[in-house]
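Hi everyone, thanks for making time today. Please have a look at the model on the screen, and then I'll walk you through it.

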Amino acid sequence: MELLDAHLVPAVDGVAFGLLLFVVAAGLSLAFGTAGVLNLSHGTLYAIGAYTGAELSDGTWGGLALGLAAGTAAACVAGAGLSAATAPLARRGHLAQALLTFGLALIGGDLLIQFFGADELPVRVPEVLDSSVTLLGHRYPAYRLCFIVMAVLLAAFGTWVLTRTRMGAAVRAAADDPQMLAATGHSPRAVHTGVLAAAGALAGAAGVLGAPIIGPGPGTSENVLMLSLVVVVLGGLRSLWATFAAAVAVGEVQTLGVSVAPELAPYLLFAAMAAVLVLRSRFAEPAGAGHGSAASGPDPVARLRGRLAGLKRSSVWRDRLPRRNRAPAWLARLPGRAAWWRAAPLLVLLGVLIALPALLDAYSISLAGSALALGLLAVSVTVLTGYAGLPTLGQTAPFAVGAYATANLADAGWTMGPVQIVLSALAAAVFAAVVGPAVIRARGTTVLMITLAIGELTGAVVNQLKSVTGGADGLVGFPATQALWGGEGMLEESELYNYVLVVAVVAVALTLLVLRSPAGKLLTGTRGAEARMRASGHPVGRYLLVAHICAGALAGVGGSLMVTVQQYLSPADVGFEIAAFALLAVVIGGTTSVIGALLGAGLIVATRDWVAGSWPGHGPLLLGVLFVATVYVLPRGLAGLRGGGSGGGGQGGPPSDPTGSPGAPGAPGTSDTPRAEDQPPSAPAPTPAGKASP
Amino acid sequence: MTPTPAPTTTPPPVLALDRLTRRYGTLTAVDDVSLRLPAGARHAVIGPNGAGKTTLLNLIAGTDRPDHGTIALDGADITRKPTAKRSRLGIARSFQQPSVIAELSVLDNVVLAGWPHHPQRRGAWRRPSRHRLLKESAGRHLETVGLADLAQRPAATLSHGQRRMLDLAAALAGDPRLLLLDEPAAGLTDGDIGRLLGIIGALPSSVAVVLVEHHVEVVAELATSVTVLAAGKVLVDGPTQEVLAHPEVREAYHGTAPSTGPDDARAEAVPTACPFPTDARG
């Protein structure tokens, strides 16, 4: 009884919080489930409502009503605008939408800060409600109780519209079969706009009413977006009641969970999300599950053993074989004209990268170094997203493992670069092998959500495990890395850059060799026709797991380089933002293009840290503009710039874009090609080069 | 259930299904189906839409799992084996929707399909000699299905009929013991159907074929024995001529009861069912 008594207030808080999340998440679920829009700017719609409500709140009922009307209307208009923005992307898959809506969220966040300031706005609720009532012997804010009532009314109204009205029927029909809906005389376009406007209105109303609970501030949109994503994932898209239950559960975890078990609370949410997703993908696909259950358990070990055996055997053969047979099959056909055309952009990029230290000042060189490290992260995302067909937001997890491994190794006195790289890659690979079975079962957006959960869980561990990671303060002051044994620790930016460049070139070259070998075709086949591959006897789950492990190792190398070049490490370096940037870099690059991923990462770092240097505080705005522009201007990513019309089919849908695939016939490079390759390093060059002394 | 007439000699049947059942919720898609196929059998599974034909094929191929019953290949139980493993044991299949890897070339599609069946597949991508072997055998399969000229084209550029042929070539690439064909004639032109009949007719007699088909004509042409499914259950099975002439089959499958006497139905069933010129097989 005492325990119950002590936790009554957080429990009721949890209900209020849960209802707030329900209203927000219902909008997100509506947009995704019926309009097919993965709206990463949904949190921004909430923030629009919250800022408007806070600005207009003056402690009277009139202020609240005015705020509610204005906030809802503003978010509704924003939702309709979103509908117009996403309509041209209807055929291009969820990654393009993610790029667009994430860009819009960045722009929107920046604009909101412009208008309303960077501080949290105070919210003044009507005076009657600005008091507390007695609840079973506890003082409790009256507004929250009132909010619970309002949210229930709002939720009931929404449910009534959706299930009992003609409009709701059209919306539900649009979710099932838009063509059938069109055939009955409704315009799917109008329904699309209506749904997104309604989703915006829901988020806006929730923002106004919820402003006293989740106040308007710079972190609001991301916070709200994350929580409502969790709610939508936990609740599934099928039933409003499930969403409701999930929302209240999440609300309780965030309030009651924090007061009962503060140490566990950071993990609980995303662990629950990951568990639900993994279980669901196991039950949803009996075929995959059947295969996977045989593949996941003993798989890594068996696979490793098999690989070792294969290595042993192949080395024996090599000794016995005549020399001409030593070259791998794919090398034999490399030096053709087509191959040179294919390699040309990479060679140009390599040349530019080698020349960089002579052209730039110290700060820019170190930026270029971290761009390379992020580039490796992006390449690992390309391997998973573009080749294995597993779009991932969680590669920051092995990236973090590699980064913290290197930092701790350096702290323990292991400063030799190659040792750090190899051990970091190993640690990240082991990590990827452990989490891999949870990832490789699912497909499509489910993978995004599972990997998001993995990334967030890793972030939570990083924040909690202070003895290893330094917690939120991060790690700093560890000895500098030596490029080779016996050398001095590297301190000069250009030295560090050259070290990073050498490692990155080796890593990228290895990746390209594997991807362009028939092993790459195995992955392409798995992505393109998984059922065919299984039916032909390919252990698809095993391929995906190996790809996941290799991508993890690659990300680990990236993390190691990141630490080396930055000389410090904080949780923000491995957070959600970096994960999103890595994925968006890949989408910008054209999904299946390694060089595209590198250039995408370069573009993002250059925009965020370099161009924004001349306009301080507006990095997110510039990035947002970059993302939005890329979606429309380069439908097939940077990789689409080369060879224009040659890559038949595909229509630019992210997972099926064949342009950058190694099997594609040598694309005739157009005059666009070299310009595209130069862009990230040299386009912003004038500004810093002016400062640089030769 | 009564097994199809199989030679009761010592070698176990290539495929033995024992009381297979698969339920989806309240719907029983495959209900207590048993079947024994000797080596070289040409067996067809027919029935109206939703009779459970494709589900049965999926159960055999391993893309779906039975709730009850066992599946044995050459006498060894494979009920719990994953799809890929079954394929390596010798079960190949074609898909109702032809399944090709659009981004790879036609040749690569077949090379990939034959790869796991190469005796030393682990080294196949490192050793040029073995890679060449794979390519040569893939080329032969493409010639069989008539796509040899398109070998270097991306599979995305193929027409529906060509994709179906590529799918078939991929199924043949593993040199299977048991070939499962899911409506191979759907959407094909008459000429293509003729070629298809020729390919399947020319398969070595060691290969057993299970054919799910809507065209009674194709069934009459290819199969020596037939199982008729209705609502998941075996309605009739036996030699093709007898089954196709069976009045209950005509009623269940064609949806019309023989209006005249059974003798008329028997007389009409087979001749009308075979509109293809017999020389199309060549």
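Let me begin with a term: two residues are in contact if their C-beta atoms, placed from the backbone, lie within 7 Å. With that in hand, take the contacts in chain B with a separation of 6 or more: 67% of them join residues 24 or more positions apart.

Some housekeeping before we go on. This is a predicted model, where local features need pLDDT of at least 70 and side-chain atom pairs count only at pLDDT 80 or more, while totals for chains, interfaces and linings use all residues. Residues are numbered from 1 along each chain as its sequence is written, and chains are lettered from A and ligands numbered from 1 in the order in which they are written.

Let's stay with chain B. Of its 282 residues, 50% are buried, meaning that 20 or more other C-beta atoms lie within 10 Å of the residue's own, with C-beta atoms placed from the backbone. Chain B has ten helices and ten strands; these are DSSP runs numbered from the N terminus, helices being H or I with at least four residues and strands being E with at least two.

Now, which strands make up the open sheet of six in chain B, and in what order? The order is E6-E7-E8-E3-E9-E10, with mixed pairing. Two strands pair if DSSP finds at least two bridges between them. At the edges sit E6 (91–93) and E10 (233–239) of chain B, each pairing on one side only. E6(B) runs parallel to E7(B), residues 178–182, over three bridges, and B:Arg93 has B:Leu180 in E7(B) as its bridge partner.

On to domains, whose bounds come from an automatic or database domain assignment. Chain B is assigned domain 1 (1–90 + 177–277) and domain 2 (104–175). Ten residues from domain 1 of chain B and eleven residues from domain 2 of chain B take part in the contact. On the domain 1 side, helices H2 (83–89) and H6 (190–201) of chain B each supply at least two residues, and H6(B) has the largest share, with three residues.

Finally, chain A: its assignment gives domain 1 (2–262) and domain 2 (296–306 + 336–691). Here the contact takes 18 residues from domain 1 of chain A and 22 residues from domain 2 of chain A. Which helix gives the most to the domain 1 side in chain A? That is helix H5 (residues 93–116) of chain A, with 13 residues.

Methods. A residue is buried if 20 or more other C-beta atoms lie within 10 Å of its own, exposed if 12 or fewer, and partly exposed in between; C-beta atoms are placed from the backbone.
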